[in-house]
There are 2 protein chains.
Amino acid sequence: MKSIVVLGAGRSTPALIEYLATHADAPHWSLHVVDLDARSLAAKCEGYAHVIPVSADLSQAEIRSEWISKADVVVSMLPAFMHPEVAKECLRQGKHMVTASYASPEMKALDEEAKAKGLIFLNECGVDPGIDHMSTMEIIEKIRAQGGEITSYESFCGGILAPESPSNPWQYKFTWNPRNVVMAGAGGAVKFIQEGLYKFIPYHKLFRRTEFVSIPGYGRFEGYANRDSLKYISEYGLDGIPTMYRGTLRRPGFCRAWDVFVQLGATDDSYHMEGVASLTHRSFINSFLAYHASDSVELKLMHYLQIPQDSEMMEMFEWLGLFDHEPIGLEQGSPAQILQHILEKKWTMQAEDTDMLVMWHRLFYQQNGAEFRLESSMVCKGKSAQNTAMAFTVGLPVAMATRLVALGQIQEKGVLLPMRKEVYAPILRELADWGIRFDERLTKLSD
Amino acid sequence: MKSIVVLGAGRSTPALIEYLATHADAPHWSLHVVDLDARSLAAKCEGYAHVIPVSADLSQAEIRSEWISKADVVVSMLPAFMHPEVAKECLRQGKHMVTASYASPEMKALDEEAKAKGLIFLNECGVDPGIDHMSTMEIIEKIRAQGGEITSYESFCGGILAPESPSNPWQYKFTWNPRNVVMAGAGGAVKFIQEGLYKFIPYHKLFRRTEFVSIPGYGRFEGYANRDSLKYISEYGLDGIPTMYRGTLRRPGFCRAWDVFVQLGATDDSYHMEGVASLTHRSFINSFLAYHASDSVELKLMHYLQIPQDSEMMEMFEWLGLFDHEPIGLEQGSPAQILQHILEKKWTMQAEDTDMLVMWHRLFYQQNGAEFRLESSMVCKGKSAQNTAMAFTVGLPVAMATRLVALGQIQEKGVLLPMRKEVYAPILRELADWGIRFDERLTKLSD
């Protein structure tokens, strides 16, 4: 009997529970899910005999410690900043740990101690980061095994609305943490390498330096660069690669319109605005426009950012109610907090909405004197506004990784990412059974 | 016999020494100037019998403490971050203190203690901040005394090249801390109020939202907003004023060209670039431009930022050598540090260069039912590349403020700015004798 304790029940809990509770070896496990919100937790655990919901306040160290003590494997779905605390307690108590979050420097600093104690702290096991790493490593190792040399790696992932959703000029709603979406790309320059040259994009140019991606059967997408593409070069074993670029996908038109918020300064989180309680959507936008005695907010915006009057961007802003005299409904906040609040009014998933998770890799490689292009893509559609593709593709690989750890099938110890075959191969195989599959298109370019 | 100890001998030391050493009451004072650089210090003190140069390392707390103990008034011309340390030691030893720097929150926190001990910590006594506050307060109090109500306050100040200097397409060289110039406006949104509406400008729009200013006899200038115009509303006693705007002056064309650096991300100080030792001016610029197999850096820059081929901006960049294959000459650095290093090659004052300090205020006020506009401007030209207007206009008011403190002519105690008549009136009167005078132009607009 192995004990799995899930700390925090977020959006991806249903997929996590579904996998672990319905898997063939479920009877051999005890599965506790701990969260403060008893009602929502009970609903998520309902119908699964082996899953025990526990209502407890995990912000308290003693309570975290107590539940960690009951586990063989701890799954931390808490906010990312809490993972290092959980990890330190797992170190003290000698427990394995799995997360879907980026391995922070604080987490990585525990590597040696974890190794010494024979513990596995497996991070970045959701979709992005997670499935992106796993599918990438499978491709890279396959090309290497054939004797190919990789010269370029590009990878994009994004969660957007499925085309079946009701019409929405942004083709977008929040399916994950809204704050992360509003702050995407902020807080530092984007870094990548192209044809051997290091390239840097400042935040205020990020949403104008985009790339287009087409996926057969799903149409066109537009991607903006992730913050630091360089950091995975070594993790992927691609040292010396001339081109490495990772990014986030949206539907075409999103980035150009989002850039308007960036240009205005409406995504700034560094200061609190004045007189927020009396702001409306319209006066919020006007705060970023020069004073004019008679020109309208719309006219000033179009003039300032050179938006043509008939641009569909203006429709996108009107659809959001940006120019309405509607009170914001906050007492205080930074521009980013206020913008998020306005967006949540329209970008919250409704019953009729379904989402779509899109992942796309493109590699160029040389083999036996010829050049090849390999594209690999995965699209997963959500079942409903609650059962989103985003939550499903995060929760499922976390659950699979957790099972591998519980079964003792991972030999490597320490603070890990899912880069090794012993981790990614069984997970990718199982994901395919659950419908999460990659299509590959290989093209020989020259010889 | 009063003892004045100047900590740190920077560019403004000559003016400071000249005033204190040649003033009628000089024989009643002892004046020590303490700095690590013995040779440069000796040159600055040469010819003044009452001025004693002291070579000592003021980064050491005991040495600072020792020299503070010898003073009645301490003048701190050290880097601004050291002022709070100096101030705390002055508190312990019961000494007055004068600086030319912004009163930091850390400095302001000492107000109560300083008051309790009857000490004066007088800050912002240079030119900007300094003469701007003094001349502003004189105008405000004069208008108030006449029964006028101020509805708008704008103020700009800038140090640029004098027209007598050799031709330079930027009409600019560094006359003060180059790092402050490169980082101007960075690190947070600009805030001001116009016609009763709070306005915010993000850094990446700052140099495109400029205002033009004309000064009779000196031509046109262009100003960009300072970081926080709101913080002086209360200091100036202007609570409730509908328009308040403070900014920095350059010659027209400067801001548009500087904005190119901002747009590229070349003023970013948040990360270190890769492979700096092998960068050239040209490859530095190319780091911020998209990869292209054949287009030149110049072409890519013009295309990216929509700069016409015949724009004088391209001449300005060529004059700086931005497109040259010249090695940067640094081993590492952030974009901002590298840009500063490149600029210093061309923007360092040469023997034939002279500078110019320009200050301009414009106020609107209502009086007896009529509306008035008052413009007040001051222009001061440097004598040589060494004796700059910048250094002169910083050092002189600091010296005058120091004398007032030494003579016990300031009644108010605590952490002060030069806002009260007992401070600004005698200083402005003396500054006029030294040629630093404001011209006023009053216009009646309506009645």
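Chain A splits into three domains: domain 1 (2-123), domain 2 (131-257 + 351-389 + 437-446) and domain 3 (272-333). Those bounds come from an automatic or database domain assignment.

Some ground rules. This is a predicted model, where local features need pLDDT of at least 70 and side-chain atom pairs count only at pLDDT 80 or more, while totals for chains, interfaces and linings use all residues. Residues are numbered from 1 along each chain as its sequence is written, chains are lettered from A in the order in which they are written, and side-chain values use heavy atoms, with hydrogens and water left out.

Stay inside chain A for a moment. The centres of domain 2 of chain A and domain 3 of chain A, taken over C-alpha atoms, lie 32 Å apart. Their contact (heavy atoms within 4.5 Å) takes 7 residues from domain 2 of chain A and 5 residues from domain 3 of chain A. Together they bury about 660 Å², 78% of it on carbon and sulfur atoms. Buried area here is the accessible area (1.4 Å probe) that two parts lose on being put together, summed over both.

Now the dimer interface. Chain A and chain B bury about 2,800 Å² between them, 58% of it on carbon and sulfur atoms. Phe200(A), Glu274(A) and Tyr291(A) supply 23% of what chain A buries there, more than any other three residues. Each chain puts 32 residues into the contact. Salt bridges across it: 0.

Which elements of chain A touch chain B? β8 (190-194), β9 (197-201), α9 (203-206), α11 (254-264) and α13 (297-304) each supply at least two residues. β9(A) gives the most, with 4 residues. Helices (H or I, at least four residues) and strands (E, at least two) are DSSP runs, numbered from the N terminus.

The same surface serves both copies: 100% of the contact residues of chain A recur in chain B.

Note on methods:
A salt bridge is a side-chain nitrogen of Lys or Arg within 4 Å of a carboxyl oxygen of Asp or Glu.
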